[in-house]
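Subject: Structure for you to look over

Hello,

Here is the structure I promised to pass on. Please open it alongside this note.

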Amino acid sequence: PYPTLFRSLVHPTEQEDSYIPSTYSATPHGAKAAYLLLGRLGYRVERSEAALDAVADTADAHTVLILAGPARAPSQQEAAAVRRVLSRGGRVLAVGFLAAAALPDENLDNQPPEQMIAGICEAEPVGFSQLAAGGKVVMREVRSLWKLNQPSQRAAFVCAGEGVVVAYPVDKGTVVWWASASPLENQDIAARGSLELLLNSLALQHGDRIIWDESLHTGPVAAW
């Protein structure tokens with residue numbers, strides 16, 4: 001619905017594509033367009049290269065933390081910081097199988113079905129939650145599915161019968177997990193359902209502050 005605006009936010013670049021959805025990157029797998037668009041829509045959004053401990057120290061019920069496609073697995077200390085954000089009533093959008101390592105009660109199956117060609121699925125919405133209201137969305141490079149065997153963990157989108165978008169409460173906060181970063185990447189943010197999924201996942205309210213983490217995009221890149 002916003003093709004002209006998306007084109008104005010991200011210009012062609014000679015930068016090599018790192019396949020990391022960084023808000024600084026205008027490459028196909030970057031997330032610069034999504035980051036800038038949130039600001040253009042009037043939301044309070046900021047990049048953070050600070051340690052997650054520092055983010056947790058200032059977190060409250062208006063904190064919305066995005067962990068989009070980390071380049072490495074979070075440490076135990078970083079996972080504990082994410083838990084503190086949740087304990088203070090914050091919301092966390094964790095994207096990709098490495099981001100799941102930062103989450104309490106992570107329930108991944110790291111063997112996606114063979115019928116998912118090259119990890120691509122057309123995610124089907126399930127249930128009647130606002131999270132599923134945007135309709136079908138294509139996800140690329142799906143490397144893990146979420147096993148749906150805990151009553152508190154509800155899938156909003158599924159592929160092959162397992163979760164690719166899952167939400168659940170932790171302490172006073174809420175976790176939303178996506179199997180793939182592709183809906184928020186520059187090459188797919190304008191695709192059907194992608195922006196709707198991002199906005200529905202953030203569930204923004206008046207006074208919310210979005211912190212888009214860049215600290216997990218630094219350091220040694222994990223091998224696929």
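Below is what was found in it, feature by feature.

This is a predicted model, in which local features need pLDDT of at least 70, side-chain atom pairs count only at pLDDT 80 or more, and totals for chains, interfaces and linings use all residues. Residues are numbered from 1 along each chain as its sequence is written, and side-chain values use heavy atoms, with hydrogens and water left out.

**Strand β11**

Start with β11, residues 209-213. Strands here are DSSP runs of E with at least two residues, helices are runs of H or I with at least four, and both are numbered from the N terminus. Five of the five residues of β11 are buried, so the strand is largely enclosed by the rest of the structure. Buried means under 20% relative accessible area, exposed means over 50%, and partly exposed lies in between (1.4 Å probe, protein chains only). Both faces of β11 are covered. R209, I211 and D213 are buried on one side. I210 and W212 are buried on the other.

β11 has strand partners, where pairing requires that DSSP finds at least two bridges between two strands. β1 (residues 44-48) runs parallel to β11, joined by five bridges. Within that pairing, R47 stands opposite W212. β2 (residues 63-68) also runs parallel to β11, with four bridges. There, V64 stands opposite I210.

**The disulfide**

The structure holds one disulfide, a term that needs two cysteine sulfur atoms within 2.5 Å. C121 and C159 form it, with their sulfur atoms 2.2 Å apart. C121 lies in strand β5 (residues 121-125) and C159 in strand β8 (residues 154-159), so the pair ties together parts that are 38 residues apart in sequence. The torsion about the S-S bond is about 80°, so the disulfide is right-handed. Both C121 and C159 are buried.

**Salt bridges**

There are ten salt bridges in the structure. The term requires a side-chain nitrogen of Lys or Arg within 4 Å of a carboxyl oxygen of Asp or Glu.

Take D188 and R140. Their side chains meet in a salt bridge at 2.7 Å, N to O. This pair links distant parts of the chain, 48 residues apart. D188 is in the loop between β10 (173-178) and α5 (194-202). R140 is in the loop between β6 (137-139) and β7 (145-146). D188 is buried, at 7% relative accessibility. R140 is partly exposed, with a relative accessible area of 34%.

R72 pairs with E78, the closest N and O atoms being 2.8 Å apart. E78 is buried, with a relative accessible area of 14%.

E141 and R143 form another salt bridge, with their closest N and O atoms 3.9 Å apart. E141 is partly exposed at 34% relative accessibility. R143 is partly exposed at 30%. Elsewhere, salt bridges that share partners join D53, D57 and R84 into one network.

**D57**

D57 lies in helix α3 (residues 52-57). D57 is partly exposed, with a relative accessible area of 48%. Which residues does D57 contact, leaving aside its neighbours within four places in sequence? They are R84 and R88, where contact means heavy atoms within 4.5 Å. D57 and V85 are 28 residues apart in sequence and 8.1 Å apart in space, C-alpha to C-alpha.

**N107**

N107 sits in the loop between β3 (91-95) and β4 (108-109). Is N107 buried or exposed? It counts as buried, at 9% relative accessibility. A polar contact of 2.5 Å joins its side chain to that of N149. (A polar contact is a pair of N or O atoms within 3.5 Å; within protein, one must be able to donate a hydrogen and the other to accept it, and residues adjacent in sequence count only if both atoms are side-chain atoms.) A polar atom of the N107 side chain also lies 2.8 Å from the backbone oxygen of K147. Beyond four places in sequence, N107 is in contact with L145, W146, K147, N149, Q150 and Q153.

**Helix α5**

α5 is mostly covered, with seven of its nine residues buried. The buried ones are S194, L195, L197, L198, N200, S201 and L202. A203 follows α5, and its phi is positive, near 45°.

Best wishes
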